[in-house]
Number of protein chains: 4
Amino acid sequence: MTEAPDQQQEASAEVRRRVQDSFDRQGLMAHLGARITGITPGRVHIVLGAREEVSQQHGYIHAGATSAVADTAGGYAALTLFPDDCDVLTVEYKINLLSPAVGDRIEAIGTVVKSGRTLTVCRLEVYALRDGAGRTLVAHGQQTLIRVNTSAQ
Amino acid sequence: MTEAPDQQQEASAEVRRRVQDSFDRQGLMAHLGARITGITPGRVHIVLGAREEVSQQHGYIHAGATSAVADTAGGYAALTLFPDDCDVLTVEYKINLLSPAVGDRIEAIGTVVKSGRTLTVCRLEVYALRDGAGRTLVAHGQQTLIRVNTSAQ
Amino acid sequence: MTEAPDQQQEASAEVRRRVQDSFDRQGLMAHLGARITGITPGRVHIVLGAREEVSQQHGYIHAGATSAVADTAGGYAALTLFPDDCDVLTVEYKINLLSPAVGDRIEAIGTVVKSGRTLTVCRLEVYALRDGAGRTLVAHGQQTLIRVNTSAQ
Amino acid sequence: MTEAPDQQQEASAEVRRRVQDSFDRQGLMAHLGARITGITPGRVHIVLGAREEVSQQHGYIHAGATSAVADTAGGYAALTLFPDDCDVLTVEYKINLLSPAVGDRIEAIGTVVKSGRTLTVCRLEVYALRDGAGRTLVAHGQQTLIRVNTSAQ
C-alpha cells in the first residue's frame, strides 16, 4: 500500500474524463441534481443543491441523499488512482450525521486515506454551505472500496 | 434498555399513521419512488422499484439509493417503539454492499436490535427481488439512532 | 457469493484443528484468558472470563476486550469456510457497545453473513453471562474480512 | 455542537489528572502495557509496545489490541472537553486495519471531530513506529461517544 498522493496537483485530463463519464452514466446522480465540482488525484468533490426532491420530513437535505453523494465522491476519489482498465465498487461505508444539513447546498468530499492493490480506504466529509455564510460539517464517514479489473470480465 | 418486542404483532393504527405521515413528508422518498410495505413494532419494510432514475453506472440500483431506503427503514423501525411526542434522528450507520442489486425492485427491512431510553440500534437488510425468482441479500448494515423529544423543542 | 451454510452441523476435525492451532498462536487471546468454546461451519464462539486484567475504569469488562474477542470470533468463523491453504485478515469492523458487560464472563459469537471469493462479511454478537441468570446482549457488530492465499506468499 | 478546539494548547492540569486517573483504573490498559503519552484538549495519545502478550498468530500486534488502545484514546479525547462531573461511554466505533502493525510499538491518536451536548464523534488513527525509521498508518477509524452525568447517578 502507498500513501495517498499530494492532492494539490490537478488530475490528468484522461482521469477527469473517465470519472466524469462514469458519473454521467449514474441515473441517480442526475435525478438528485448532483454534479462533480473537483477532481484531483485521490480527491473528488460533489455538490448537491437543497430542494424539495432531496428533503427529509423537516425540510432539510435527507441523510440518504447526503450519504449517496458522499459514497459517490469516495468511489470516484479511489478511481482517480486506478489504472484505466479498472473500475471501483463500494465494499462498505460508515457515516455519522453530525448536524442537520441546513443551507443552500451540500458539498461532499471523498479523500483517499490508503490506496492498496485490492482495497482502498477513503474519508468522507460533507459540508452544508450557505451563500454569504461559512460552511458547517454535517457528516463524516469512512469507506472501503475494491478495485475490479474490467478487462478481465 | 429492553429487548426488541415480538415483531409478529401488528403495529397500532396510531403508530402506523405516525410513521406513514412522516414518510409522506420526505421529498426524497417520493422522488426515488419508495413506499412503505410493512409496519410492525420494531420493524419497517420499504420497497423501491428499479428504474433509470435510481441507477448507478452499470444500470443496477445505486448503493446510495439502497442505503437511503435502508436508513429510512431503520429510522421508522425505531420510531414505532417511541412515545408519540418523540421523533428520531440517525446518529450513524454502517452498511456493506454485498452484491449488485439486480432485480425488479429492492426491499429494505429495518429491525430494532436494542431500544434504549436515548439510543436505539437497528439491523438493516436489503434484498433484491425478481418476480418468479427468489430474493438475494444485497446489503447488510447496522445503525444507531437518537430519540428527540419534540414537545420540548 | 454463496449464502452461509447451515450452522447446526459440526465442523470437520481438520477445520477445528486449523482454527484452534491458529488461535493458540495468538499471544493476546492467551494473555486475556479467552478460549474457543464452539466451532461450526460459519460460526465460532469465544468465552472470556471477567477479571481485573480485562476491566475498564468501572470494573466491567473493557470494550477493548469485548471487541478483541468479537473480532477474533468473526475472523475464525470466516476461516471455517476457507480452503486449507488460505488465511484470513480483518479488513474492518464496526461494533456497538449496547450495555455494560456485567457478569461472570462474556461469550462472543461470530457468524458468517456472506462468504465471497475475496471478501467475507460476519455478524458479531457478544453476550454477558452470569451463572444462574440469563444472558444479555452487550455488543453487536459487523465485520469485513479478506481471504489471503498462504501458498502464494 | 461546536467545532473541536485548537489541539496545540496544553490541557489543564485538572483535565490531565482526571484522564490519567481514569486510565489508571483500567485493568486492561495496565495488563496490555499501554500508557498515555499526550493529553491536549480534544486529543489523546496512547502508546503500546510490541510483545508476545499482545500478538496475533503471525507475531504482529493483534487487531484487538490495536482497537482497544484506539477506542481508549478516542474516549479520553472526548473526556478532555467535558465538565468535571461527566464521564464518557463508547456508543460504537468502526475501524479499518490498513496494514500489519509491524514495529517496536504502536501509537494510537484519538481526536475529537465534533463535540456535541450529548454525543461526540472522534477520529481514530494508529501508527506503527520503529526506532530509526518513520511511522506507518496501520489503522483508521471513527467513533461515537456519549456523555454521562456522574453527579446524577
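Biologist: What share of the contacts in chain A with a separation of 6 or more comes from residues 24 or more positions apart?

Modeller: This is a predicted model, to begin with. In chain A, 64% of those contacts join residues 24 or more positions apart. A pair counts as a contact when heavy atoms lie within 4.5 Å.

Biologist: Thanks! What makes up the secondary structure of chain A?

Modeller: Chain A has 3 helices and 7 strands.

Biologist: How much of chain A counts as buried, and what makes a residue buried?

Modeller: The cut-off is under 20% relative accessible area. By that test, 61% of the 153 residues of chain A are buried. The accessible surface of the chain is about 5,800 Å², with 46% of that belonging to carbon and sulfur atoms.

Biologist: How many charged side chains are positive and how many negative in chain A, and how far apart are their centres?

Modeller: Chain A carries 15 positive and 17 negative side chains. The centres of these two sets are 3 Å apart.

Biologist: Now the copies. How do you know what relates chain D to chain C?

Modeller: Chain D is superposed on chain C by a rotation of 180° with 0.0 Å of shift along the axis, at an RMSD of 0.0 Å. That is why the relation is called a two-fold axis. The C-alpha of D:Lys94 is the one in chain D nearest the axis, at 2.0 Å.

Biologist: How do you know which surface chains C and D meet through?

Modeller: Of the interface residues of chain D, 100% are also interface residues in chain C, so the copies meet through the same surface.

Biologist: And what rotation superposes chain B on chain A?

Modeller: A rotation of 180° does it, with 0.0 Å of shift along its axis and an RMSD of 0.0 Å. In chain B, the C-alpha of B:Lys94 lies nearest that axis, 2.0 Å away. Here too 100% of the contact residues of chain B recur in chain A, and the same surface serves both copies.

Key: Residues are numbered from 1 along each chain as its sequence is written. Chains are lettered from A and ligands numbered from 1 in the order in which they are written. This is a predicted model: local features need pLDDT of at least 70, side-chain atom pairs count only at pLDDT 80 or more; totals for chains, interfaces and linings use all residues. Side-chain values use heavy atoms; hydrogens and water are left out. Helices (H or I, at least four residues) and strands (E, at least two) are DSSP runs, numbered from the N terminus. Buried means under 20% relative accessible area, exposed over 50%, partly exposed in between (1.4 Å probe, protein chains only). Accessible areas come from the Shrake-Rupley method with a 1.4 Å probe; for residues, only the protein chains shown count as cover. Lys and Arg count as positive and Asp and Glu as negative; His and the chain ends are not counted. The place of a charge is taken as NZ of Lys, CZ of Arg, CG of Asp or CD of Glu. Copies are superposed by least squares on the C-alpha atoms of residues with pLDDT of at least 70 in both.
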